Amino acid sequence: MIKEIFSNHWDAFYEVYKDKIRPDVVKDVTRMINCGDISKGHTVYSCSKCGVEKKLGFTCKSRFCSSCGKIYVDERAEKMSNTLIKVKHRHMVFTVPQELRIYFRQDRKRLSLLPQIAYDVLKRYFNQINKKENYTPGVVSVIHTFGRDLKWNPHVHLLVTEGAMGEITEWKNCHYFHYERLRKSWQTGLLKALEKTIKKGKRAFKNIKNKLYAAYKDGFYVYGDRQISDSRSAMKYVGRYTGRPAIANSRIIDYDGKTVTYFYDDHKSGERREIKVSVFEFIKRVIIHIANSGFKMIRYYGIYAGKRKHKCKVIKMVNDKIKEIQKKYKSWRKRIQLSFGHDPLKCPNCKTEMTISDVVYPGIGSVLKLIHDRAYEKVKKEIEELKESHDIIKGKLGFEPLYK
């Protein structure tokens with residue numbers, strides 16, 4: 001549905017707003033629209049028994065694409081779950097108040113502040129248990145810029161170990177978190193870090209900062225009542241929060257060519273809300289959440305950071321046997337079999353397994369023909385060189401060489 005909406009209206013939308021659209025947005029939207037389009041390149045599979053051919057268009061590999069984004073999420077979920085150690089984890093969310101959200105929209109590089117400050121808050125919290133131990137937790141963070149209603153709402157989801165490694169003690173369990181302390185620490189850390197990035201309007205920001213301290217006396221909202229204790233729950237967590245598009249096709253109720261109606265579940269009231277907007281407004285709400293190229297939405301801290309992984313002696317959640325099975329089901333073919341219950345490479349006519357017979361690129365054409373033509377030209381050139389050598393030898397010696 002999302003691909004259909006963008007395919008139908010992107011050109012018109014771009015003509016109106018092209019001066020305001022980021023290059024990364026144009027790139028991702030174009031890739032998504034062309035995903036699977038045979039005219040943009042494809043692989044040819046053939047049946048050796050009955051000769052049936054099947055053409056499969058190249059995928060776009062974009063996280064913005066609802067299809068390719070699912071593959072990205074699965075791969076990330078697998079990687080993250082393989083990283084987790086065998087301890088209980090807590091799902092936490094560190095939020096940003098409405099008054100500060102515009103600053104992250106004006107400069108998207110500021111989004112990097114969110115996971116780092118959240119980790120600093122948690123690291124300080126664990127250190128207060130015993131400063132000599134310098135306890136270090138494991139944290140996986142996922143930056144989100146959207147709320148359930150698609151509005152700009154930057155925040156960070158965290159997967160936090162319910163415990164930490166110490167300098168002396170190998171592991172210290174910590175199943176209780178003092179959220180009031182975390183909220184106030186998060187508020188102070190976020191305001192200080194954000195203030196350092198303000199170059200113009202510092203006085204105005206200081207006024208906002210003072211008002212926020214007065215309005216949020218208990219600190220900025222932090223919550224984390226969801227405990228994750230096994231690899232299955234971890235996979236469910238990362239699958240839901242890792243790099244997913246701002247909205248899934250399943251949430252779109254109606255599209256009539258002019259308007260789009262979608263729903264979201266209001267977590268405060270528990271009620272389902274429906275929103276109806278124009279097509280252009282829908283496109284606006286979706287593309288503002290496309291990340292800039294190279295920006296890391298997922299980050300690892302503490303014992304999950306690269307430089308600390310080798311120090312952790314705690315048993316991993318997912319054992320080697322499960323990893324082996326995951327690798328087998330990682331391929332595109334296996335994904336189709338798991339999702340739709342059929343083998344895409346079985347001949348629809350005789351059920352023989354089909355194999356790749358050619359790859360076609362736009363502007364180049366058949367790779368098989370290209371290889372054939374290049375080989376032919378190479379042999380033709382070698383024959384011409386031999387013929388030329390033959391004529392030279394014949395002219396010098398006055399007789400035919402033996403190897404003509």
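The largest cavity of this predicted model holds about 30 Å³ of space. A cavity is a set of points on a 1 Å grid over the protein atoms alone where a 1.4 Å probe fits but cannot get out; grid points are joined across faces, edges and corners, and the volume is the space filled by probe spheres set on the points. Because the model is predicted, local features need pLDDT of at least 70 and side-chain atom pairs count only at pLDDT 80 or more, while totals for chains, interfaces and linings use all residues. Residues are numbered from 1 along each chain as its sequence is written, and side-chain values use heavy atoms, with hydrogens and water left out.

**Cavity**

- A search of the whole structure finds one cavity of 30 Å³ or more.
- The lining of the largest cavity is formed by I2, K3, M32, F64, C65, S66, P245 and I247; a lining residue has an atom within 4 Å of a point.
- Rolling a probe the size of a water molecule over the atoms shows where empty space is left.

**Overall make-up**

- The protein has 12 helices and 14 strands; these are DSSP runs numbered from the N terminus, with helices being H or I of at least four residues and strands being E of at least two.
- Of its 404 residues, 43% count as buried; buried means under 20% relative accessible area, exposed means over 50%, and partly exposed lies in between, with a 1.4 Å probe and protein chains only.
- Among the contacts in the protein with a separation of 6 or more, 69% are between residues 24 or more positions apart; contact means heavy atoms within 4.5 Å.

**Nonpolar cores**

- The largest nonpolar core has 42 residues, and those with the most contacts inside it are M92, F94, L100, L158, W186 and L190; such a core is a set of buried Ala, Val, Leu, Ile, Met, Phe, Trp, Tyr and Cys residues joined through side-chain atoms within 4.5 Å.
- At least two residues of this core come from each of β3 (89-95), α4 (101-106), α5 (113-127), β4 (138-146), β5 (152-161), α6 (179-197) and α7 (202-215).
- Helix α5 gives the most to this core, with eight residues.
- A second, separate core of 31 residues includes I21, C60, Y264 and I290.
- Leaving aside neighbours within four places in sequence, L190 is in contact with V96, L100, F104, L114, I117 and F220.
- In soluble globular proteins, nonpolar side chains tend to be buried together.

**Two threonines in strands**

- T145 is placed in strand β4, where T145 is buried with a relative accessible area of 5%.
- The side chains of T145 and H289 are joined by a polar contact of 2.9 Å; a polar contact is a pair of N or O atoms within 3.5 Å, where within protein one must be able to donate a hydrogen and the other to accept it, and residues adjacent in sequence count only if both atoms are side-chain atoms.
- T161 is placed in strand β5 and counts as buried at 0% relative accessibility.
- The side chain of T161 reaches the backbone nitrogen of G138 at 2.9 Å and the backbone oxygen of G163 at 2.8 Å.

**Positive phi angles**

- Most residues other than glycine have a negative phi.
- N134, which is not a glycine, has a positive phi of about 50°; N134 sits in the loop between α5 and β4 and is partly exposed, with a relative accessible area of 28%.
- L150 also has a positive phi, near 80°; L150 lies in the loop between β4 and β5 and counts as buried at 0% relative accessibility.

**Loop residues**

- P344 lies in the loop between α11 (332-340) and β13 (355-361) and is buried, at 7% relative accessibility.
- A291 is in the loop between α9 (279-287) and β12 (298-302).
- Not counting residues up to four places away in sequence, A291 touches R22, D24 and M297.

Note on methods:
On a 1 Å grid over the protein atoms alone, a cavity is a set of points where a 1.4 Å probe fits but cannot get out, and a pocket is an open set with protein on both sides within 12 Å along at least five of seven lines; lining residues have an atom within 4 Å of a point.
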